[in-house]
Amino acid sequence: MKEHIVDPKGTMVIECEAKGNPHPIFSWRRNGKYFNVARDSQVSMRRRSGTLDIYARNNPEKYEAEYQCIASNQYGSAYSHKIILQLYRPPVWPREIVEPVVVSAGLPLVLSCDPPPGPPKPETYWMSSSFPTMQPVRQDRRVSMGVSGDLYFSNVLFNDSVVDYCCNARFPYKNVIQQKMPVVVKVLTSECLMGIFWLFFSKARAVVEAAPTWLSPTGSSSSVLVLQGEELLLECIAAGMPTPHITWAKDGEDLQVTSRMKVKNFNKMIQIPKASFEDAGEYTCTAKNRLGYAEHTITVRVKATPFWLEKPTNLILAPEENGRLVCRADGAPRPTISWFINGEPIETATPLPNRQVSGETLIFRSVTTENTAVYQCNASNQYGYLLANAFINVLRKLPTTSMKVMRATDVRLECGVKADVTTPITTTWLKNKKHLTLGWRISMDESNLVITNVNTGDEGNYTCVIKSELEQKSASAHLMVMDRPNPPTNLELSDPYERTVRLSWVPGDSNHSPITGFLVQYDDDDWLPGKWRNLSTYPGNLNSVILHLIPFTYYEFRVIAINEIGASRPSRPSKRFQTSAPDIIPKNLKGVGTWRNNMEISWEPLTYREWNGPHLKYLVWWRRRDSREEWKNATTKWLKYYIYDADTFTPYEIKVQAVNDFGLGPESPVVIGYSGEGRPTTAPLNLRVSDIESTQVTLHWDPVTSDTIMGELKEYKVYYWRDSSQLRWHWVDRGMKSKAFPINGPDPSGVLDDLIPYSNYKMYIVVANNRYEGPPSNNIHFSTPEGVPSAPRSFRIQQRHLDSIYVDWGLPAEPNGIITGYSLKYQTGIMNATRGEELRVEELPPNVTSFSIRRYDRYTRYRFSVAARTRLGIGEWHTEESPHYTTEIYAQDQVDITTQGWFIGIMCAVALIVLILLIVCFIKRSRGGKYPVRDKKDISLELVDDKDQEGSFDYREEERGLQRGQPSIEAMMKRSDSDDSLVEYGEGGEMPFNEDGSFIGQYTGTRRDVRELDFGGSLELHSPINTIYSLA
């Protein structure tokens, strides 16, 4: 049943469209009876359509009725759903004199609204007026509007009389707002009522307290019936002073709020937008204050209008074929299935022996043309009904080769008529009883028809006609072309909610391939026009779905039908739809101190689509926990807010809510945050050790008090280092290590492992919060006992002789105690252990770090393992295998080179040469550096006075010739008794020498350049260097 609201002042339109071949004829029923449209001057039916246009200028009320459209042709009649036509009436609030409402303070009050009923049902809201302004009534736990639109006061306070109250109703059909006369509320306080007793009471109570009672619903129990998929609203509003708190339970247990439901109106209402069978049960609401409590039980029953499980579909049958129509539906209660033929109950229709009703199935056997009709299936229960039309078309002639092909393929229709081959014949093809025109795409192959690139226009009944001089024969076949479905039409939006809307459409023709699904697409205002995006897909048997949307967004929808061939063209877009603003709470609210006297309050931002309006900000609330101070708040557009001048590590109650230009969002649940942490002020005391083992030790300490941690206890941290080894000669790494113990209790302890045996350790402990470490405790010392040593280092295997192998090794990297000896194991290697030698073990003293064994042959390999021992046992083994000595040449290469004769000979020769050189140098040195003079022609001696880096002199040959005289050598010498002195050159002066025979005059006396002297002969100066050059 579909409601249709129209305005009687304009043209009232009731649409009805259908298709068929031949084109159907339309008729109407009104209130279950035939409606003669032609005889009503105010009603007309559109051409080739069943749509009614009603011009009700006179008495429009008589057209308020139930209508049903019928489309008929020679093959049957199809019926539409019933339509209820309702007239829109301008809302008129009855004029009345509203008397002031007088009520005593503390008592409950209900202000009724009672707006005009519609249709459709109006939306109500309350405003408070205080001249000259008007604003919405602020609702809270004490004052709220109920589902009926009435305004409820759980208790009245004196401030409630400051303003007047006015109920407003908005009628969505015309978007008209009507206002009721304002109501004046006068509140009487107890002082006024008890004024005569003033002299007898020193203090009078301002408000009379009362235990909770129910305002809506009344009594202790009630029941609600809701249909599946409809909205379920449960409301409990209580009176009382102080204002009662409302809690909910379901079936004796606390109500678990799921994502399908919302608790609104300050816990007074439960809203389930789409009810299901699991929502049935007993809901108990409890109102409680300090004077008592009241309970009310609401029994919820969920029923369901019929819904399809399997809907009957059209059938095309050849004569003598079998077929069936299936009509399966469900609901609560289970619906009753009824069958109709062309709108007439099947029980009263002409009986046919080949037609049988079997429960939800209508069975046909060996059909004939008499079975051609439109069959209706009606599934109904007390809450609604479903109606489906299915057309059964029985072909009038037996097709010879009826075909069903896909679009864009090729098809060959064979003529099933046989004729006398001796008689000339002509073949003609008809399509839908009309001569078929041949062309490039449609041609004949002998008597057969060939169609290439088939399209939907080729669908129809084809008849092959063969004529001869004597007779004419024909045969027919039906060609069906499967194609993508036609696009859906008549998109309609209904049942809008905060986040959902119902979208309905009329499926297009399936084109002989069943529709398997529908794709719903949307275009929102955040995208460029025409940017369609996929929203969801639905089964092909649905044409009305609930869409889940994002709030504060404008939507347009379109639908695409899909079958096995492909997807249809998109439908025309629906009307634009805007979702309403939701209640979104900022998530991940937390308060953390970043400094000792502040707290950072942070939260996750709302996405742009969750803003629900422009200029989003956040309202932050805070106060100390367990204090009576008022909530403090601040508004910010950032995602953090800092509180300063806070005590160190103080708990705060914090909450946050989103704010935009339209108002406040819901408050978040209260979260506990802490201000910043400070540095701990004390160190743990009485650090001690027990259960000392070689590699670990157990620690104990006294816990610090919570007030000295200056924050949250994170851990106790032990710092320790290896100070020395108990072996005085052993060097150790004194690097500091640490280990944390997140332990909190009256007797904390922990195990410190990864220690090195036979070592001296130092340690201290600190306490840490999430930000700082406290002062260190006193250092304590402890020593670890002996352990087993690590593996020996520098393990070598050598073959010094052909018949023996020599091994040696170094001390362990970590002795871990006093080495008492070594254990050496050896046996022939695994790869060539042909002799089956047993494993041999040698026990060696600590001062022996080598071993030699005799080989059986030059091919045997040995596997050696060596380990050090302390008094606690054997340590880690070091294992190696000897190299593969295979030839004598290789073995000789491994012999000690110092024992070879050729090496000794070479060394002796080198030593002899060095000795000869040393003797020659010594002899020349002992001569004191004499400089013999030899007769040489054309050679002059130049004495250069420049000293090189080594302090020696350089004697060079002059490039140009000198005039040479030939005085005797004695004329140049002043002393003849010393071979180590020379006569000073120039002025007859004396040139002294040092003890080593070098010149002193170059530093102390005046000298002449040797180039100024004239020698009669040639002079040659000899030195030890010259002697070596001469030897060379």
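A residue counts as exposed when its relative accessible area is over 50%. The legends below refer to a predicted model.

**View 1. Ser794, a non-glycine residue with positive phi.** Ser794 has a relative accessible area of 56%, so this residue is exposed. Its phi is about 55 degrees, although Ser794 is not a glycine. The residue lies in the loop between β67 and β68.

**View 2. Asn453, another residue with positive phi.** The phi angle of Asn453 is near 50 degrees, a positive value in a residue other than glycine. Asn453 belongs to the loop between β43 (448-451) and β44 (460-468). Because its relative accessible area is 42%, Asn453 is classed as partly exposed.

**View 3. The aromatic pair Trp701 and Phe741.** A pair of aromatic rings is described by the distance of the centres and the angle of the planes. Ring centres have to lie within 6.5 Å for a pair to be counted, and by this rule the count comes to 25 aromatic pairs. In the pair shown, the centres of Trp701 and Phe741 are 5.9 Å apart and the planes stand at 50 degrees, so the pair is tilted. Distant parts of the chain are linked here: Trp701 is in strand β62 (residues 697-702) and Phe741 in strand β64 (residues 736-741), 40 residues apart. Trp701 is buried, at 0% relative accessibility. Phe741 is also buried, with a relative accessible area of 6%.

**View 4. The aromatic pair Phe795 and Trp809.** The ring centres of Phe795 and Trp809 are 6.4 Å apart. Planes under 30 degrees apart count as stacked; the planes of this pair are at 25 degrees, so the pair falls in that class. Phe795 sits in the loop between β67 (780-783) and β68 (796-801), and Trp809 in the loop between β69 (804-808) and β70 (821-828). The two residues are 14 residues apart, and their pair links distant parts of the chain. Phe795 counts as buried at 7% relative accessibility, and Trp809 counts as buried at 5%.

**View 5. A cluster of aromatic rings.** Tyr826, Phe851, Tyr862 and Phe864 are linked into a cluster by ring pairs.

**View 6. Lysine side chains over tryptophan rings.** The charged end of Lys655 sits over the ring of Trp631, 4.3 Å from the ring centre. In a second case, Lys825 lies over the face of Trp877, and the distance to the ring centre is 3.9 Å.

**View 7. A nonpolar patch on the surface.** The patch is formed by Trp902, Ile906, Met907, Val910, Val914 and Leu918. Together these residues have about 590 Å² of accessible area. One of them, Leu918, is found in helix α3 (residues 901-926). Leu918 is exposed, because its relative accessible area is 55%.

View 8. Pro217 is placed in the loop between β19 (210-216) and β20 (221-227). Pro333 has its place in the loop between β31 (328-332) and β32 (336-341).

Technical notes: Residues are numbered from 1 along each chain as its sequence is written. This is a predicted model: local features need pLDDT of at least 70, side-chain atom pairs count only at pLDDT 80 or more; totals for chains, interfaces and linings use all residues. Side-chain values use heavy atoms; hydrogens and water are left out. Rings of Phe, Tyr and Trp (its six-membered ring) pair if their centres lie within 6.5 Å; planes under 30 degrees apart count as stacked, over 60 as edge-to-face and the rest as tilted. Helices (H or I, at least four residues) and strands (E, at least two) are DSSP runs, numbered from the N terminus. Buried means under 20% relative accessible area, exposed over 50%, partly exposed in between (1.4 Å probe, protein chains only). A charge sits over a ring if NZ of Lys or CZ of Arg is within 6 Å of the ring centre and within 35 degrees of the ring normal. Patches are made of residues with over 30% relative accessible area and no salt bridge: like charges are joined within 9 Å, nonpolar side chains (Val, Leu, Ile, Met, Phe, Trp, Tyr) within 5 Å. Accessible areas come from the Shrake-Rupley method with a 1.4 Å probe; for residues, only the protein chains shown count as cover. A salt bridge is a side-chain nitrogen of Lys or Arg within 4 Å of a carboxyl oxygen of Asp or Glu.
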